[in-house]
Amino acid sequence: MFEKAFFLLLTHKCNMRCPHCYNELDPSKNIHSENKMLSVNKVITLFDSLEKQGFKKVMLSGGEALLHPNLMKILNEANKRNMKTALFTNGKSLNQVTIQKLYKVGLDELRISFNELVWIDSVEQYQTILSERIKLIQILKNTDIKVGCIYIISKKNIQFVAETYKKLSEMDITMKIQPLFLPKYDSNFEKVSASCIHQKDWIKLRKEFDILESCSLNLNEEKAKEVYGSIDEINKYIDLMVKTYIKGEIPNYCPTGPILVVDPSGDFHPCLFRHDIKIGSINNSDDIDSINYSLDYYKYFQNGECYREECLSAYR
């Protein structure tokens with residue numbers, strides 16, 4: 001059973017400018033107003049109310065959440081209220097000192113996105129990038145922070161997915177896959193977009209994970225549920241990609257919506273991908289105290305009625 005969770009987007013600041021980032025692609029987000037950051041006092045007020053409304057977990061992201069100057073204070077405040085915490089990061093700002101700080105304030109989960117692998121052109125590039133990430137993970141394994149890695153599948157890197165999963169699973173680290181989305185008007189669309197991956201490559205990937213499963217390289221059931229799922233769940237996800245990209249089928253459900261998303265301006269939204277809909281503000285106490293009622297209005301999201309390709313990253 002998943003804890004009742006919400007997203008807290010602390011800042012639009014980021015130390016990368018990935019063309020595939022959902023922040024970059026959403027015209028309803030003013031991501032270049034990088035000075036907008038949630039204040040600690042506003043976040044404390046939010047935490048107090050959401051705790052009373054049954055929220056048990058906060059997922060912190062951005063932008064790059066590690067660039068928020070008061071991140072450690074915010075994590076500490078969540079910890080005081082026994083809220084579980086998950087931090088999404090591209091890993092660029094991670095080092096031994098930062099990892100120790102995150103551990104001391106009680107961070108529960110760190111989810112590292114392998115963004116650079118999207119654009120690789122050679123085996124050497126792949127090995128260099130993965131080696132850097134593995135060094136960070138080895139430091140993290142000396143703490144109690146649970147680690148999950150996000151592999152964004154592109155036309156350029158699909159051949160390395162299973163190999164990456166195997167290497168991470170040997171370290172008892174779970175991995176999630178999600179397809180790279182780019183709009184068709186983007187100049188890189190045909191080079192990297194997951195929608196341009198050939199059917200034979202999806203089938204090959206599925207077979208590679210079948211082999212891994214038969215060789216018992218999957219993590220044990222308890223470990224696999226810590227952050228991201230098992231090989232069986234990855235295979236189901238690959239099957240969904242084939243249905244969507246190759247067969248043209250559209251999912252008739254949404255696994256996450258509606259979910260509270262608080263952006264750096266303090267506005268409330270019912271979905272990570274629907275910032276065009278505002279359901280309240282952190283600056284209005286009535287809005288904060290009526291979050292559950294506001295989200296209930298958007299329960300129809302569960303039927304996948306507003307599905308878009310970029311939503312596929314949520315189907316895990």
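The model is predicted, local features need pLDDT of at least 70, side-chain atom pairs count only at pLDDT 80 or more, and totals for chains, interfaces and linings use all residues. Residues are numbered from 1 along each chain as its sequence is written, and side-chain values use heavy atoms, with hydrogens and water left out.

**α5 and α6**

I noted that α5 covers residues 123–140 and α6 residues 161–169; helices are DSSP runs of H or I with at least four residues, strands are runs of E with at least two, and both are numbered from the N terminus. The two helices pack at about 25°, axes 12 Å apart. Axes are lines fitted to C-alpha atoms, for helices over the stretch in contact, and angles run from 0 to 180 degrees between N-to-C directions.

From α5, Tyr 126, Leu 130 and Ile 137 meet Glu 163, Thr 164, Lys 167 and Leu 168 of α6, contact being heavy atoms within 4.5 Å. I sorted the residues of this contact into four nonpolar, one polar and two charged. Nonpolar covers Ala, Val, Leu, Ile, Met, Phe, Trp, Tyr, Cys and Pro, charged covers Asp, Glu, Lys and Arg, and the others, Gly among them, are polar.

**α6 and α8**

Next I checked α6 against α8 (residues 199–214), where the axes come within 9 Å and cross at roughly 25°. This pair is therefore roughly parallel too, and the crossing is right-handed. Val 161, Ala 162, Tyr 165 and Lys 166 of α6 make the contact with Leu 205, Glu 208, Phe 209 and Leu 212 of α8. I counted six nonpolar, no polar and two charged residues there.

**α4**

In α4 (residues 96–104) I found Thr 98, Ile 99 and Leu 102 buried; buried is under 20% relative accessible area, exposed over 50%, partly exposed in between, with a 1.4 Å probe and protein chains only. They cover an arc of only 100° around the axis, so they sit on the same side of α4; the arc is that of the directions from the helix axis to the C-beta atoms. The buried residues pack against α3, β3, β4 and α5. Gln 96, Val 97 and Lys 104 are exposed on the face turned away.

**Arg 81**

I placed Arg 81 in the loop between α3 and β3. Arg 81 is buried, at 15% relative accessible area. Leaving out residues up to four places away in sequence, Arg 81 touches Ile 44, Phe 47, Asp 48 and Glu 51.

How values were computed. Parallel < 35°, antiparallel > 145°, perpendicular 65-115°, else oblique. Left-handed = near helix turned anticlockwise from the far one by under 90°.
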